[in-house]
Amino acid sequence: MSMLSFLFILMLLPSFEAIPSDEEVFINPSEVQTQDMQALIAQACMDIENQNSCLTNIHNELTKIGPPSPTSVVSAALKHTLNEARVAIDNITKITTFSVSYREQQAIEDCRELLDFSVSELAWSMGEMRRIRSGDTNAQYEGNLEAWLSAALSNQDTCLEGFEGTDRRLESYISGSLTQVTQLISNVLSLYTQLHSLPFKPPRNTTTPLTSHETLEFPEWMSEGDQELLKAKPHGVRADAVVALDGSGHYRSITDAVNAAPSYSQRRYVIYVKKGLYKENVDMKRKMTNIMLVGDGIGQTIITSNRNFMQGWTTFRTATLAVSGKGFIAKDMSFRNTAGPVNHQAVALRVDSDQSAFYRCSVEGHQDTLYAHSLRQFYRECEIYGTIDFIFGNGAAVLQNCKIYTRVPLPLQKVTITAQGRKSPHQSTGFTIQDSYILATQPTYLGRPWKQYSRTVYINTYMSGLVQPRGWLEWFGNFALNTLWYGEYRNYGPGAALAARVRWPGYHVIKDASTASYFTVQRFINGGTWLPSTGVKFTAGLTN
């Protein structure tokens with residue numbers, strides 16, 4: 001793209017800040033001329049290897065959509081990107097026969113599933129854009145589109161990471177198939193976030209402002225049955241299916257109960273898992289929507305396994321419990337990976353479920369315990385145990401009133417709590433740890449930057465004395481120290497002193513409530529629009 005066109009776009013578009021303001025800037029689409037549309041289309045094809053093909057395909061999609069406008073350009077770019085993602089899946093399927101090792105086979109299977117995730121997220125985004133163009137003003141466009149496109153951008157990276165431990169021969173081939181898809185998604189996300197203050201941007205708060213949801217009061221639209229379900233003690237839940245090791249339920253394994261659940265359910269489907277130690281790996285695919293697992297309490301209902309990287313599994317596949325379908329809820333359960341530190345990556349819980357919630361759950365492992373892989377997630381009154389990067393991934397996750405425990409690592413390893421994986425400044429991802437407790441029993445660091453734009457914030461959280469004075473740890477040399485966004489706001493305890501903290505350009509001592517509030521439930525994960533219906537307690541904003 002020429003410098004002239006790029007400068008023209010800068011003149012056309014509003015500024016984009018790391019911490020958005022609530023002020024709206026409106027631009028009349030009728031004022032955007034043909035040359036402006038060409039500049040927007042050029043941006044959608046920026047850095048694509050075959051520019052002419054990209055431009056032609058987007059023009060062709062535009063002719064099917066209707067009169068040119070910023071929204072139609074985004075829609076056309078989404079459609080072209082979706083088509084390219086489907087082509088990439090076909091290419092990956094063709095090379096399956098070339099895999100020679102078990103790890104390669106696992107990595108290729110990961111890639112197919114992750115590209116399917118991207119196709120889903122792009123399709124959801126297209127549906128949202130159709131509603132925008134039709135004049136629907138009720139949907140939560142901004143939060144949804146940013147969340148879904150942010151997830152779609154990172155899936156390809158996870159695919160390639162699965163080839164760690166191989167000779168990288170197949171990775172090189174697959175990388176070529178993914179490069180164009182990744183760049184197209186990046187361009188669409190960048191275009192959308194820059195255009196997000198056009199008239200199709202919804203009001204940030206479309207529901208009654210919330211300050212907290214500390215009691216189990218329910219919104220008017222919930223049925224009495226759902227309200228009773230969420231208020232009930234575990235043994236009183238009116239479940240659709242019951243799992244019990246002793247045969248007193250419908251199923252003896254959680255996997256059997258999940259496999260029998262309806263696909264793409266529009267209503268909550270409740271699986272009650274009685275007290276017991278369930279030795280299985282449970283993988284709830286994207287079609288398993290609105291599933292709720294309810295147990296008898298932390299340490300009572302336990303799902304456990306020991307899958308790990310040293311056995312030949314990819315990190316993505318090591319999870320004891322993996323959830324991908326929208327709207328998953330877990331309550332009163334423990335998820336364990338017992339592989340131990342010597343086996344390196346060993347995930348207890350992996351989450352790709354948008355608008356998912358975990359209430360009074362325990363996630364127990366060593367390295368890579370909680371894989372908050374993608375999309376919007378909420379954790380309340382949970383316990384997380386680990387050693388190295390044990391809360392990691394590129395979801396938009398808020399952990400509230402949680403207890404974080406460290407364990408003994410291998411010799412020479414340094415305990416780090418978070419390794420957040422944001423790769424683009426336009427992604428709406430990051431980790432917030434709020435009103436929680438860092439109960440370190442080893443010298444501990446708050447996090448390190450896994451990817452270039454890693455983002456993690458601690459708010460009003462207790463830090464024990466073994467949290468190291470410098471607070472944060474480098475990944476490698478100076479990598480990402482200028483581009484990450486790490487912040488601390490009103491934390492307390494012997495490990496919370498700020499005097500000796502790192503002095504990186506990307507590290508921030510947050511001093512004002514307005515900046516801190518950006519990372520709360522209401523604003524960071526749009527929680528006011530979906531958490532009330534889960535019945536899980538939450539605080540929407542800051543508590544002090």
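Reply: The model is a predicted one, in which local features need pLDDT of at least 70 and side-chain atom pairs count only at pLDDT 80 or more, while totals for chains, interfaces and linings use all residues. Residues are numbered from 1 along each chain as its sequence is written, and side-chain values use heavy atoms, with hydrogens and water left out.

Me: What makes Phe328 and Phe358 an aromatic pair that is tilted?

Reply: Rings of Phe, Tyr and Trp (its six-membered ring) pair if their centres lie within 6.5 Å, and planes under 30 degrees apart count as stacked, over 60 as edge-to-face and the rest as tilted. The structure holds 16 aromatic pairs. In the pair of Phe328 and Phe358 the centres are 5.7 Å apart and the planes make an angle of 50°, which gives the label tilted. The pair links distant parts of the chain, with Phe328 in the loop between strand S7 (321–323) and strand S8 (329–337) and Phe358 in strand S10 (residues 356–364), 30 residues apart; helices (H or I, at least four residues) and strands (E, at least two) are DSSP runs, numbered from the N terminus.

Me: Why is the pair of Trp485 and Phe519 said to tie together parts that are apart in sequence?

Reply: Trp485 and Phe519 also form a tilted pair, at 5.2 Å centre to centre and 35° between the planes. Trp485 belongs to strand S23 (residues 485–489) and Phe519 to the loop between helix H10 (513–517) and helix H11 (521–524), so the pair ties together parts that are 34 residues apart in sequence.

Me: How do you know whether Trp485 and Phe519 are buried or exposed?

Reply: Buried means under 20% relative accessible area, exposed over 50%, and partly exposed in between (1.4 Å probe, protein chains only). Trp485 has 12% relative accessibility and therefore counts as buried, and Phe519, at 1%, counts as buried as well. Phe328 and Phe358 are both buried too.

Me: What makes Arg103 a charge over the ring of Phe309?

Reply: A charge sits over a ring if NZ of Lys or CZ of Arg is within 6 Å of the ring centre and within 35 degrees of the ring normal. Arg103 lies over the face of Phe309 at 4.0 Å from the ring centre, and Arg307 lies over the face of Trp313 at 3.9 Å from the ring centre.

Me: What makes a residue part of the lining of the second largest pocket, and which residues are the closest to its centre?

Reply: On a 1 Å grid over the protein atoms alone, a pocket is an open set of points where a 1.4 Å probe fits, with protein on both sides within 12 Å along at least five of seven lines, and lining residues have an atom within 4 Å of a point. The second largest pocket holds about 480 Å³ of space, a volume being the space filled by probe spheres set on the points, which are joined across faces, edges and corners. Of its 23 lining residues, Glu161, Glu164, Thr315, Gln345 and Trp450 are the closest to the centre. Helix H6 (141–161) and strand S14 (388–393) each supply at least two residues of this lining, and the largest share, four residues, comes from H6.

Me: Why are S4 and S20 called edge strands?

Reply: Two strands pair if DSSP finds at least two bridges between them. The open sheet of seven strands has the order S4-S7-S9-S11-S14-S17-S20, with parallel pairing. Strand S4 (282–284) and strand S20 (444–447) each have a single partner strand, so one side of each is left without a neighbour in the sheet. Strand S17 (residues 415–420) pairs with S20 in the parallel sense over three bridges, and Thr416 has Tyr445 in S20 as its bridge partner.

Me: What makes strand S13 covered on both faces?

Reply: In S13 (residues 383–386), Glu383 and Tyr385 on one side and Ile384 and Gly386 on the other are all buried. S13 runs parallel to S10, joined by three bridges, and parallel to strand S16 (residues 403–406), joined by four; Ile384 stands opposite Ile404 in S16.

Me: Why does Asp389 count as buried?

Reply: Its relative accessible area is 6%, so Asp389 is buried. Asp389 lies in strand S14 and has a positive phi of about 50° although it is not a glycine.
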